[in-house]
Amino acid sequence: MKKRIVAFVLAATMGLSMVACGSSSDSGSKSTSSGSASAGDSELVDGKFAETKHITVEVYDRGNDGGTDPTDNMYTDYIKKGMLEDHNVEVEFVSVPRWTETEEINNLLASGGAPDICLTYSYPTIQTYANMGGVLDMKPMLDQYGSELTNLNDWLGDTNIYWDLDDEKGTLWAIEGKRANNRRINTFMRKDWLDKLGLEEPKTKEEFYNCICAFRDNAKELLGKDADKMVPFSVSFDVGWRAALLIESEMDPKITDKEFYINGFDDRKLTQKGTKEAMKTLNKWYNEGLLWKDFALYTAGDSTEDDMMKAGYVGAFQHNWDYPFRSGDDSIQANLKRIVGEDAKYVAVDCFENSEGKTLKYVDSTAGDRKIFFPSTNDEPLASLLYLDWISAPEHIKYLQIGDEGVTHNVLEDGAIECIAATGDAIMNSGNNIDYTITCNGLSLGDEDLTLLSMAHSYPSCDPADVQQALDYAATNNKIAKNVKVPEIVAENGMGEALGAKRDVVFDTALAAKEKDFDKVWDSGIEDYLASGAQAIMDERTEKFEARYGDSKSVE
Amino acid sequence: MKVIAAGNSAVAVAEKTNWKAYLKRYWQLYLLLLLPMVYLLVFKYVPMKYVLIAFKKYSIVQKVGEMPWADNHGFQYFIQAFHNRDFLNALRNTISLNLLDLVIGFPIPIIFALILNELNIKWFKKSIQTIAYMPHFLSWVIIYGLAIQLFAPSNGLVNMFITKLGGETVPFLNDPGKWVGTYIFLGIWQSFGWNSIIYLAAIAGISPELYEAASVDGAGRFRKMWHITLPGIKGTIVVLLIMALGNILGSAFDRPFALQNNLVMQNAEVISTFVYKNGIKGLQFSLTTAVGLFQSVVGVFFLLFANWLSRRLGERGIW
């Protein structure tokens, strides 16, 4: 009897699961039959579809305090209205949390619910999905419709459109959004503290070290009863980024394209020669009490460190070239002024010189920033391309970046655009709305002179002179990345996240090691990192570089 | 689990009588049972089909049936997992953290229940109990927030106290060894009150006559505890121990994930966080499904073994 019941339950299980299989395969087949790119130009009349099309577009949700709904505000309305009028395409935005974008997009792709237009900073993610057949090849589409996409062509150019083109297979899985300016990282320091202690802005690594030592030694004078909260030089999660200028200063200025490329899978330069030296310095500073002891306890997206900067406990740090000026009234700079006092502010300094005595900075080219791709569930590739074209039109970029006069910007006497802190629906969730201008990262007003003139004024609530200094330093001694055209590196497949996490462990543990243990911790960390797949990547990169460029160590 | 157990015992009785008549008489109860059964089928059994991913080359656009088989007769990803240093490390950590949890964490709710049971002032007992099980309702993210406030090296309350007394800061959260202690401590703190409820219920079910008889015979508190209370809840203890053993390779995700940081990763990476990082973030779905399957299979063996052992020792198992 008992057996019979068990048998019945099992049979019922199977029956039910068959039903479930059946239904899931239905939805599966729908998504695979979507390669309907063959519908020709005839669909378009004067760039407009006869029938209204519907596309979904990814937008980052940065979750900022007092921001607007990223899928529904003044700017999304502008885009929706424009696309409907110009191309008869309905646009719907899908928000994805900025700090967990990779995971989120993975889930959306795996469940077949990804937006028609996706963007990510991670090319390996796109490559992995492309290998599974989850991404549309843009090459044939661009061949067919390219001539109509004048704005896109004018703005991105072949460099960015075909940056990721596979020379051998002829496939193009993504196009690269353009970095409107390639400034990358700056070092910032509390100007008022330097003044108080009678110190000059540092010009060399040694002077920088002396400054942060002076901050530490004079904590009582600078912070009073909060002296124990002082962090002279703050480095937190993602050490490779937050100490990038120190690391780059230890690299060989004469590094060849080949060596740079072979060690280039990790953009935090973990295996580049010189990184160990830099980390040794940082480790020494940590053990001398110059760094933040709790740095490892907070992860990406945590605002504790920002709050410490706003409250005025942090003496110096390295970050995005405009970091303390970002987000208007809520920027670090504005908060500092409010909380600490009128004269409290960060200024950019340029002091990490390399063996040639130059403050060389490794910056990206116009590409290598956000990548835009269409998942295979995209039924409207043409409408999606038209969207990219529309969003790349200079006048649309300009409006999205500066908004309305008197609301989000003023025009100054010399014609420069000055951004002002907006309220309500006009608040931009990202600086200059870069989350909407997906083909453009950084201010671009259509006229280069005007853009340059306006850049210093594009940070509301911040002194343009401070911004100008940061702009200038970040543009000094830049070394621009080159595009190495080799086929897909198979060993990189799916390794991005695992190796990235491992890299952070190596950086963090080495940074926090006891000074006498540093070599041991660093070497065993690197050994583990290499054994976990990095060595295989480097070997394959070497092989493919040599296959493409022969004995030459340069890509030119 | 309990639903099935209840169902089984009902079935056993039904065998003796005419089961059709039985069904007719108690159809409402069976109807009630139907809902959890459907839940189990839909959410626990149907998804099992996707276990196949462990033996196939995963693709987001293909159906499970269409995906090509993995190399080495489908075992490519199992081989890969056991060559993966991070997986082996995660496996080691999972076992050692769970064992520590078991050895240290398992007896505490029992002891707590025994102590609570001896309290005579009702309101005091009730409030202690409530306070003790409250942390169960906190999410691990919040507990980590509390832990940082208390244990952070530079401005955690405990460390400030220690330094004020002239001591050195203790790296509770950022030294791999100390972290394990903190992890176990927080786990116990969060769950001992809640876990003691089931023992308290079992204790409440012991006949008061036994205690009265023992008192007449002159037994003191500890005698009664040892000879009446503990044997009275032995069955409950064994069942919970079996369940705990079945979970020795299992790992909750939120606790290690919320508590871990880069400095302690060598001890803090467990299978669930490994799967999250490599599978969901790193897109290696086949590899991580293989790991998950391995984890479950070993868990089942542990469960069966513990159950067999408890039956051999003369206790009731879980079925």
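How many residues does the contact take from chain A, and how many from chain B? With contact meaning heavy atoms within 4.5 Å, it takes 45 residues from chain A and 37 residues from chain B. This is a predicted model, in which local features need pLDDT of at least 70 and side-chain atom pairs count only at pLDDT 80 or more, while totals for chains, interfaces and linings use all residues. Residues are numbered from 1 along each chain as its sequence is written, chains are lettered from A in the order in which they are written, and side-chain values use heavy atoms, with hydrogens and water left out.

Show both chains together: chain A and chain B bury about 3700 Å² between them, 66% of it on carbon and sulfur atoms, buried area being the accessible area (1.4 Å probe) that two parts lose on being put together, summed over both.

Next, select A:E497 and B:K281, whose side chains meet in a salt bridge at 3.7 Å, N to O; the term stands for a side-chain nitrogen of Lys or Arg within 4 Å of a carboxyl oxygen of Asp or Glu. On the side of chain A that touches chain B, helix 1 (2-32), helix 3 (101-110), helix 4 (123-131), helix 20 (496-511) and helix 21 each supply at least two residues, helices here being DSSP runs (H or I, at least four residues) numbered from the N terminus. Helix 1 of chain A gives the most to that side, with 11 residues.

Finally, select residues 518-549 of chain A, which form helix 21, and follow them to A:G550, whose phi is positive, near 65 degrees.

Terms used. The expected span of a helix is 1.5 Å times one less than its number of residues.
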